[in-house]
Amino acid sequence: MHPRDWIEVRPEGVYCKAGDVYIDPMQPVNKAIITHGHADHARSGHGHVYATEETLAIMRARYGDTHYLMSENPLAYGQRITIGDVTLSLHPAGHILGSAQARLEHSGASIVFSGDYKRRLDPTCVPFEPVTCDVFVTEATFALPVFRHPPLEEEIAKLLGSLAQFPERCHLVGVYALGKCQRVICALRAAGYEETIYLHGAMLRLCELYQSFGIDLGQTDMVTPENARALAGKIVLCPPSALQDRWSRKLPDVLTAAASGWMRIRARAKQKGVELPLVVSDHADWDELTQTLSDVGAPEVWVTHGRDDALVYYAQQQGFKAQALHLLGYEDDSD
Amino acid sequence: MKAFSKLLERLYFEPATSSKEKLLRDYFATTPDPDRGYAVAIIGNALSLPNFKRGMVLDLIKARTDPQLLAMSYDYVGELSETVAHLWPAPAVAPNDPDLPALHEVVEALRHMPKVQLPDYIAALLDRMTSPERWALLKIGSGSLRIGVSARLLKQVLARYGGQPIERVETLWHGIDPPYEELFAWLEGRADAPAVEERLTFTPVMLAHPLEAKDHGLITPDAYAAEWKYDGIRVQCVHSAVGRALFTRTGDEISNSFPDAVAHLNFHAVLDGELVVQRGAALGSFNDLQQRLGRKNPSGKLQDSHPAAMIVYDALMLEGEDVRHLPYEQRRTLLQAALETYHPVGISLSPQIPWHSFDQLEAARASVDNLSVIEGLMLKRKDSAYIAGRPTGPWYKWKINPKRADAVLMYAQRGSGKRSSFYSDFTFGLWRDGELLPIGKAYFGFTDAELVELDKWVRHNTVKTFGPVREVKKALVFEVAFDAVHRSSRHKSGYALRFPRISRIRWDKPADEADQMSLLESLLTGET
């Protein structure tokens, strides 16, 4: 049976009738498959939660041990389980630690919800794996051909270059607390930056969680009222929302940087008051998105949040059956 | 070219003027002639490259990308140069060619190469460049950099680079040409100042601050004279032994568009005033003036139906003498005497408004409410010299209170510049017989946070799309402020707003409670 007959979009989110289960629902539901730990995909208060062990750990770190009402169901990548009349398996999405694509199979047809994903190398998570299916559901956050993320090493070199040029300025980098933060730290370490990296309080718990999964972040320390004034020439990471916050005022001579796929668009960087834009994204860029459609090879593509019109158009040009799946509620500005 | 690209990239993102200055001075100190002079010309928008056209860039990219994806990308990015810089097909690893030509080689090629060879030359350069370098090259062609360096700042930096007063640089400015080698030679103490006396030059003008409530106490009848503030175009009219010219307040020459106005000045002077359309004693509205704007070499018929005149309010030079150092009252007396001596047609003196108490000023300001050609009061310190720039204190402008209407958002389009990639150009309308009719368009008046909210609202409430335009659900009310309403046959509603802006977003107000079209009829001004 074609997935359109057993998948529908409800106000709570995407719903699989055959398994009576939602994928990344926006409101509390009885049964939920969670692709990854970002807050717009993983919410608290569901009855039964199906996710990777890492994603469940992230949800516990964010919402407490009682984020679910009935059960947690950890799945290893590739493991198959049955929910109602569907078979579910999770596969690596390469987006952040624990991120997964959800593959659902029912009455001889299959659909893959890729969640958010990227194809670039990221030492903090398992790389994306193309999974065979009849319908592939893809995100479209950066689905315009102007989005081509440059190599991560180049952007990290930009940051370290600025640090050498302005050793008197505190380099404050806005990064998402989950995923981006840890990836940027790992990339700095890989570029040979050995010094303590200072963190906004909001980053701490998730960094500890990454380290508990064996991801080495080197020496990190929290920014405190006591050490803040001594951070000239240091790298400080904070959530994007804290860049222009009172919090950052105590840091000495701040040079504002931000690591995000949006930094590619000059006006966006400027709107946010960013002096040093670093184009670093945990989402697929245009080349990765189009490559993925061909790697997965599903005859039909559904496009969710983001710039769906361009990707639907491209997919149709390439001979795929493609349509937009309007999902209000996901952050189409997430980076 | 590499150094220039890096400079642009840094300047673009650098918010602090002091840091911008440092970047520019470092660049001047480390870059040889004539590269640095061409960089000054490009940043100061003084370089004319008539063959490097937007259309040519469009053709180049059209030949290399899918038209639909190009349109969507351009719509999103909101700026052609950046769109092309990002879209230009290049190897996955961006090229980083150390042998890119120097800036002056590029500029000279762009200026002198035969037109037919230009597209290939530019394409070959773009192939060798990184995305930021492509952006820099394309911005040279587009003529407007928007990197937050005004012509004024550029001149200030040059002045400080050479330890010279800004006034000397500004006076020289309109008489020298890129690549400014003689300017740099003077600034670096290697030569005398370039001679420019032979040319008609623009003298920087004096600007006013808006009058705020906290400043009302400063305004006393002994210290300040009052004049009307006209809703025309601020101009500087120059007549010397060399000839005559008309400049805008930013120094753009518009003599060709207003030959009638230029001809009026029948004595040697540099006058500061307002360009208006005037028929006999009656002043035309800004709408009338708009018919003349941008028309180079207007027809005799248009000059007859929309004759240009000047209301002058200050003199910088009179009969060869610089009078800027004299106090306002004295300059005005001299100007009045000159006008009485030479009786120029089409030039009149801006009258003073007699006043003894602040109440009278407030009354005068309230009384202009129905005159579309006046937009408020000017308050000028009687003892003040004519100072270039916007000094605080000598001149205040006090605009009339705006009119307001609650209008319904109808269409949205993505903006450009700093609002690019957001739906931020809004068309709104008022009700007439249960139907919404558009009355105007505005793209500012909201905060950055509101911009993000509005963009989201538009994307989630789109009913239909027409190319880049989205028609939205008729559900969001804007309080729109504007200076005046005119009749207009160009709009279906029959009205046009002057200077509309969004003063408040009424998330709370139901659309059917927005205003009726009849409101505009009651606010109508300036019949034409």
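A: With 15 C-beta neighbours inside 10 Å, Phe499(B) counts as partly exposed. The term belongs to a scale of neighbour counts, with C-beta atoms placed from the backbone: a residue is buried if 20 or more other C-beta atoms lie within 10 Å of its own, exposed if 12 or fewer, and partly exposed in between. The model is predicted, and local features need pLDDT of at least 70, side-chain atom pairs count only at pLDDT 80 or more, and totals for chains, interfaces and linings use all residues. Residues are numbered from 1 along each chain as its sequence is written, while chains are lettered from A and ligands numbered from 1 in the order in which they are written.

Phe499(B) is not a glycine, yet its phi is positive, near 55°. The residue lies in the loop between strand S20 (495-498) and strand S21 (501-506) of chain B. Helices (H or I, at least four residues) and strands (E, at least two) are DSSP runs, numbered from the N terminus. Asp433(B), also not a glycine, has a positive phi of about 50°. Its place is the loop between strand S14 (423-432) and strand S15 (435-442) of chain B. Asp433(B) is exposed, because 7 other C-beta atoms lie within 10 Å.

Most residues other than glycine have a negative phi, and most peptide bonds are trans. Asp33(B) and Pro34(B) are joined by a cis peptide bond with omega about -5°; Pro34(B) sits in the loop between helix H2 (17-30) and helix H3 (35-43) of chain B. A cis bond also joins Pro178(B) to Pro179(B), with omega about 5°, and Pro179(B) belongs to the loop between helix H11 (166-173) and helix H12 (181-187) of chain B.

Chain B as a whole contains 19 helices and 21 strands. Of its 528 residues, 38% are buried. Two residues are in contact if their C-beta atoms, placed from the backbone, lie within 7 Å. Among contacts in chain B between residues at least 6 apart in sequence, 70% join residues at least 24 apart.

One open sheet has five strands in the order S1-S12-S11-S2-S10 (chain B), and its pairing is mixed. Its edge strands, each pairing on one side only, are S1 and strand S10 (352-353) of chain B. Two strands pair if DSSP finds at least two bridges between them. Strand S1 (residues 209-210) pairs with strand S12 (residues 395-399) of chain B in the parallel sense over two bridges, and His209(B) stands opposite Tyr396(B) in S12(B). Strand S11 (residues 374-381) of chain B runs antiparallel to S12(B), joined to it by five bridges. In S12(B), Trp398(B) is the bridge partner of Leu377(B), and Lys397(B) stands opposite Met378(B). Helix H17 (residues 358-367) of chain B lies across strand S2 (224-230), S10, S11 and S12 of chain B, at about 150° to S11(B). Axes here are lines fitted to C-alpha atoms, for helices over the stretch in contact, and angles run from 0 to 180 degrees between N-to-C directions.

Helix packing comes next. H1(B) and helix H9 (residues 131-142) of chain B pack at an angle of about 90°, with their axes 9 Å apart. H1(B) is therefore roughly perpendicular to H9(B). Angles under 35 degrees count as roughly parallel, over 145 as roughly antiparallel, 65 to 115 as roughly perpendicular and the rest as oblique. The residues of this contact include Phe4(B) and Leu8(B) of H1(B) and Ala136(B) of H9(B). H5(B) and H6(B) pack at about 130°, their axes 9 Å apart, and are therefore oblique to each other. Leu70(B), Ser73(B), Tyr74(B) and Val77(B) in H5(B) meet Leu80(B), Glu82(B), Thr83(B) and Leu87(B) in H6(B).

Some of these helices also touch chain A. The contact between the chains takes 23 residues from chain B and 22 residues from chain A. Helix H1 (2-13), helix H5 (67-77), helix H6 (80-87) and helix H18 (448-460) of chain B each give two or more residues to the side that touches chain A. H5(B) provides the largest share, six residues.
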